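Subject: A structure to look at together

Hello! Here is the structure I promised to pass on to you. Have a look at it first, and then read on for what turned up.

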Amino acid sequence: MAFEPRQTSLGVRPLAFVRKGLEAVESWLEREREQLGLWVPIALGAGIAAWFVLPHAMSWLAFCCVALAMACIGAMLPVGGRLRRMIVAGAILACIGCLLVWGKAVLLGETPLVRATFVHMTGDVTAVRPVPAQTMVRVMLKPVDAPDLPGMVRVNIADADVPEGLGDGARIRFRVRLMPPAPPSVPGGYDFAARAYFQGIGATGKALKPVEVLQPSTSPPPLRARLFGHILARVDGPAEGIAAALATGDQGAIPEADAEAMRRSGLAHLLSISGLHVTALIGAVIFLLMRAMALSQRAALGWPLMLIAATGGALAGIGYTLLTGAEVPTVRSCVAALLVLGGLAMGRDAVTLRLVATGALVVLLLWPEAVAGPSFQMSFAAVTALVALAEHPHFKAFAAARDEGGIRKLGRALVVMLATGIAVELVLMPIALFHFHKAGLLGAFANLIAIPLTTFIVMPLEALALLLDMVGLGWPAWWLTEQALNFLLLIAHGVAASPMASLLAPTMGAGLFGFAMLGLLWCLLWRSSVRWLGLAPAVIGIFMTFAASPPDILVTGDGRHVAVRTGKGMAILRDRAGDYVRDVLSESAGYDGELEAIAALPDARCSTDLCAVAVKDGTGRNWRLLFTRSDALIARRDFMRDCAAADIVISDRGLPGWCRPRWMKIDRRLLKRTGGLSITLKNGEVHTVLSPGDAHPWIARSRLGKAQLYRRSRPASLP
């Protein structure tokens, strides 16, 4: 602590005031010295997140320069202080994070296909993944003798069209219409293009029959695929998909209705191989090894049983992680479990927030792009909340084991589980609102039954069934597993059917999301009373999300699908749109009801080619909307008259220049530059999927520059 006035000090009163402030901060940091290391992955992740948020290379360089400038400013603080080291280290880590993900994007990403194309394609299969719930097989392959195509393509093949000999190493030929990986359909939607870029996928498509095998596969299916197929053959009904997901992490066999019920009920985390599954497996392996070695007197008295058992558990955890595809939650859980086992082997208390921070740091260094995905965010946020709650002195005292009756012990365990569930739900709320536009409300209560059921009944029964299958006696255990999983699905559907199961909200802005998450991290990572200052930004962020005006109009990036908010709900232009499109539009609008057809609205006037409707904004003002519904040529005189009478014209084709609506013309040319749109009529606010000048590598280069997006201003008054 080097904050005494130096001999060269000027002794000016303002400097004395600053010095007292620095001394107060240093005293606080001294009390929190054990927590300072927890902010290392936060600083690194901030730099990675900045690369995703900022649009182009100049802004990325500017961020790095600003970060280094902050480090220089921090270096000017008195030597020896913790604040100085925090600012310098944090700024440098943020710069490293930005450069890390930027470098990986340049070196390892796959440039996407520029435009849709129809080709006769020959390719070598690198991976095959069955998706029984959608009656198809998903194939990853490398195109052969096709320099104009990306290096890796993902193709879906219908089950009826799958040829003999399809597998890893096979060479196949087929016709396909390849598409660039899809960006979000509307603002706030799922960005598959960004994820595909880092996964090495440059194009996607659906193969057309016939699919010809030029060279059949000679290698057997991988262990994960064989285990997946084996479980599906042993379990019947809806439970088969859940059983396969618990063992392999592959959710391809879960029907959409069951998957949605698991999400709405807050039980979807059970389907992703994460801490619960890895911990259960490692704990079971350690338990069995300890009991087996204890049978030998020599081993019990002379061997380091805990070290041997921990080593066996670590090997089992690593093998399970590799078997299930090494997804981010599994890797995080495996790293954390290895640290715990190392701590236990050395006689240390390893279950701390430092363990969580170390796991996050490993994931960020190896997969920096994961920071932008919900899997990483929800996984680490949930574990951080659990460990922070467990470390709180009052909670630790309440949850500590004690000599009491069975009923009181059971009640205490239920209260502890409910408290941890509520804490996790609260921490995950901003993440769920940002990515999925909904937050669970009853998940903590559903998990009171679902977690013990999965941990102590389903997973042991499934493991027992797999072991008994080695001697052909696994069917009784499989039957019990199926009944337990059916009960789990019954809980999920029962909770999901409640109107209080989830709370929908409009799209949450990235700035608001970052503000709320910073507040939550402030609450979770500090120990002193200063931590509660973080509640303000967290509450403000969530409150502003629910208080925001939901969009009145949503337009998908292809212009075919439009959703309009009416006085009674939401209506969609093409009433034959699939469930996926309906779900995307409903979630982005924060609407939980059925989408009716625009043509069925009382104020709508629709023909085969055009549809006109009048809607009111929040101020009661009428807006006239005009949509095209077909590719037919419309008489110029009639169409020009309808365009002039409309405030907004929306079409999935290019509109002529003489179509001049009063405020906005949205056609194929505009949507090519902006992507999907969301419009709030009350304040004339327009959000786009694509930003002007966005130069992220998964975005095609033909984007809107710095020119004004919309030439017409909002009319001062509308009839």
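How many bridges join strand β1 to β4, and do they run parallel or antiparallel? Strand β1 (residues 117-131) and β4 are joined by 8 bridges and run antiparallel.

A word on the ground rules before we go on. This is a predicted model, in which local features need pLDDT of at least 70 and side-chain atom pairs count only at pLDDT 80 or more, while totals for chains, interfaces and linings use all residues. Residues are numbered from 1 along each chain as its sequence is written, and side-chain values use heavy atoms, with hydrogens and water left out.

Helices (H or I, at least four residues) and strands (E, at least two) are DSSP runs, numbered from the N terminus. Two strands pair if DSSP finds at least two bridges between them. Buried means under 20% relative accessible area, exposed over 50%, and partly exposed in between (1.4 Å probe, protein chains only).

**Around β4**

Strand β4 covers residues 171-178. Its covered face holds Ile-172, Phe-174, Val-176 and Leu-178, and its uncovered face holds Arg-171, Arg-173, Arg-175 and Arg-177. Besides the bridges to β1, β4 has 5 bridges to strand β5 (residues 203-215), and this pair also runs antiparallel.

The peptide bond from Lys-209 to Pro-210 is cis, with omega near 0°.

Two loop residues are worth a click as well. Thr-135, in the loop between β1 and β2 (136-143), has a positive phi near 50° and is not a glycine. Asp-145, in the loop between β2 and β3 (153-158), has a positive phi of about 55°, again without being a glycine. Asp-145 is exposed, with a relative accessible area of 77%.

Next comes the second largest pocket, which holds about 890 Å³ of space. Of the 24 residues that line it, the closest to its centre are Leu-281, Met-459, Glu-462, Ala-463 and Leu-464. Here a pocket is found on a 1 Å grid over the protein atoms alone: it is an open set of points where a 1.4 Å probe fits, with protein on both sides within 12 Å along at least five of seven lines, and lining residues have an atom within 4 Å of a point. The volume is the space filled by probe spheres set on the points, which are joined across faces, edges and corners.

Which element gives the most to the lining of this second largest pocket? That is α17, with 9 residues. The lining divides into 21 nonpolar, 2 polar and 1 charged. In this count Ala, Val, Leu, Ile, Met, Phe, Trp, Tyr, Cys and Pro are nonpolar, Asp, Glu, Lys and Arg are charged, and the others, Gly among them, are polar.

Helix α21 (residues 579-589) has buried residues, including Val-581, Val-584 and Leu-585. What covers the buried residues of α21 includes β7 (502-504), β8, β9 and β10, through contact (heavy atoms within 4.5 Å).

The other open sheet has 5 strands in the order β12-β13-β14-β15-β16, also with mixed pairing. Strands β12 (605-606) and β16 (664-666) stand at the edges, each with a single partner strand, so one side of each is left without a neighbour in the sheet. Strands β14 (residues 622-628) and β15 (residues 648-650) pair in the parallel sense over 3 bridges, with Phe-627 opposite Ile-650.

Enjoy exploring!
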